[in-house]
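Morning, everyone. Let me put the model up, and then we'll go through it piece by piece.

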There are 2 protein chains.
Amino acid sequence: MNLYLFRHGIAEEHQPGLKDEERQLTKEGRQKTKKVAQQLVKLDLHFDLILTSPLVRAHQTAEILIEAGLSSQLEISDHLTPEGNINNWLTDWLEPRNYDDKTQLLLVGHEPCLSNWAEILLWGEAKGSLVLKKAGMIGIKLPETGSLLGCSQMFWLTPPKYLP
Amino acid sequence: MNLYLFRHGIAEEHQPGLKDEERQLTKEGRQKTKKVAQQLVKLDLHFDLILTSPLVRAHQTAEILIEAGLSSQLEISDHLTPEGNINNWLTDWLEPRNYDDKTQLLLVGHEPCLSNWAEILLWGEAKGSLVLKKAGMIGIKLPETGSLLGCSQMFWLTPPKYLP
């Protein structure tokens, strides 16, 4: 199974009276995310399921990926908020291995959560060694058996500018 | 400084009477490597120096990158052979920091050396957690001061198929 981690696009700045969870993608953020989505389509990628953080900037990012045709399934998961915990998410989604070996799952979320999770899957701990830009993506191959933590492999890490 | 690790393209199979170091790129290997090189040019990448392993398949790969215009400087380094040692290479090249902060250095070499080196630069040890395909590339940002080992950051890891 391949797990893809996608960071939301460029969003509005923090401002008084605007809740963090309500911040929307900017016009530039939408455009760049659409461009990445179109490139992923050209690369023949398709996801069985897109799971997104409920925060508006992530949800809007996930909708752009859906509109581009990258998946027909979108679900919201509270585990993907900035306060989300990889253990809950692993317990719910990955550890029971209730999925086909060929499953392509994409998560839309936030930094530093996503790159930290990637590090934990690859090396068992997070050191801040991965740079995941907005609208950038990580691709991880999960092991078929045994522990996921510290036993997965990364095959892709790209900022949007290298998906022109 | 950014350090790029580039794995040689597809090469001839092992066969009796053919020394490993003499194995050449196949026709497919040349074509795929050229395609990647052209894509890197389109992405506006340019390297101050390309250092290559002396083995034929690596040297031929480096020449394709040079011919594409990705650098005007090519040097051969014995540290980049499959038996090469990151400590020697770091001592010679990186630790003295005899280079500009903006230096873009590309190394052409072999697996599992390259991905192991990347892991050592990022996490201090190698666990086989990175998948680097032939004609694939890793991009690493080195810290400006302090130790390089376990303190660098990866911003790019791509197989050739995602650089279409």
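Which residues in α1(B) are buried? Before I answer, the ground rules. This is a predicted model, so local features need pLDDT of at least 70, side-chain atom pairs count only at pLDDT 80 or more, and totals for chains, interfaces and linings use all residues. Residues are numbered from 1 along each chain as its sequence is written, chains are lettered from A and ligands numbered from 1 in the order in which they are written, and side-chain values use heavy atoms, with hydrogens and water left out.

Now the helix. In α1(B), the buried residues are Gly29(B), Thr33(B), Val36(B), Ala37(B), Gln39(B) and Leu40(B). They span an arc of only 160° around the axis, which places them on the same side of α1(B). That arc is taken from the directions from the helix axis to the C-beta atoms. Buried means under 20% relative accessible area, exposed over 50%, and partly exposed in between, with a 1.4 Å probe and protein chains only.

Turn to the face away from that buried side. There α1(B) carries the exposed residues Lys27(B), Lys35(B) and Lys42(B). The buried residues pack against β1 (2-7), α2 (56-67), β5 (137-141) and β6 (153-158) of chain B. Helices here are DSSP runs of H or I with at least four residues, strands are runs of E with at least two, and both are numbered from the N terminus.

Length next. Helix α1 of chain B, residues 27-42, has 16 residues and reaches 23 Å from first C-alpha to last, close to the 22 Å expected at 1.5 Å a residue. The expected span is 1.5 Å times one less than the number of residues. After α1(B) comes Asp44(B), with a positive phi near 70°.

One pair sits within this helix. Glu28(B) and Lys32(B) meet through their side chains in a salt bridge, 3.5 Å from N to O. The rule is a side-chain nitrogen of Lys or Arg within 4 Å of a carboxyl oxygen of Asp or Glu. The two are 4 residues apart in α1 of chain B, so about one helical turn separates them. Glu28(B) is partly exposed at 42% relative accessibility, and Lys32(B) is partly exposed at 40%.

Over to chain A. Asp20(A), Arg23(A) and Arg57(A) are linked in a network of salt bridges. Arg23(A) to Asp20(A) is 3.0 Å. Asp20(A) to Arg57(A) is 3.4 Å. Arg57(A) is buried at 5%, Arg23(A) is buried at 10%, and Asp20(A) is partly exposed at 25%.

Last, the two chains together. Chain B can be laid on chain A with an RMSD of 0.0 Å by a turn of 180° and a shift of 0.0 Å along the axis. That is the relation of a two-fold axis. The superposition is by least squares on C-alpha atoms of residues with pLDDT of at least 70 in both copies. Within chain B, Leu157(B) comes closest to the rotation axis, at 2.4 Å by C-alpha.

How much area do chain B and chain A bury between them? About 2100 Å², 59% of it on carbon and sulfur atoms. Buried area is the accessible area (1.4 Å probe) that two parts lose on being put together, summed over both. Across this interface the rule finds 0 salt bridges.

Conventions:
Contact means heavy atoms within 4.5 Å.
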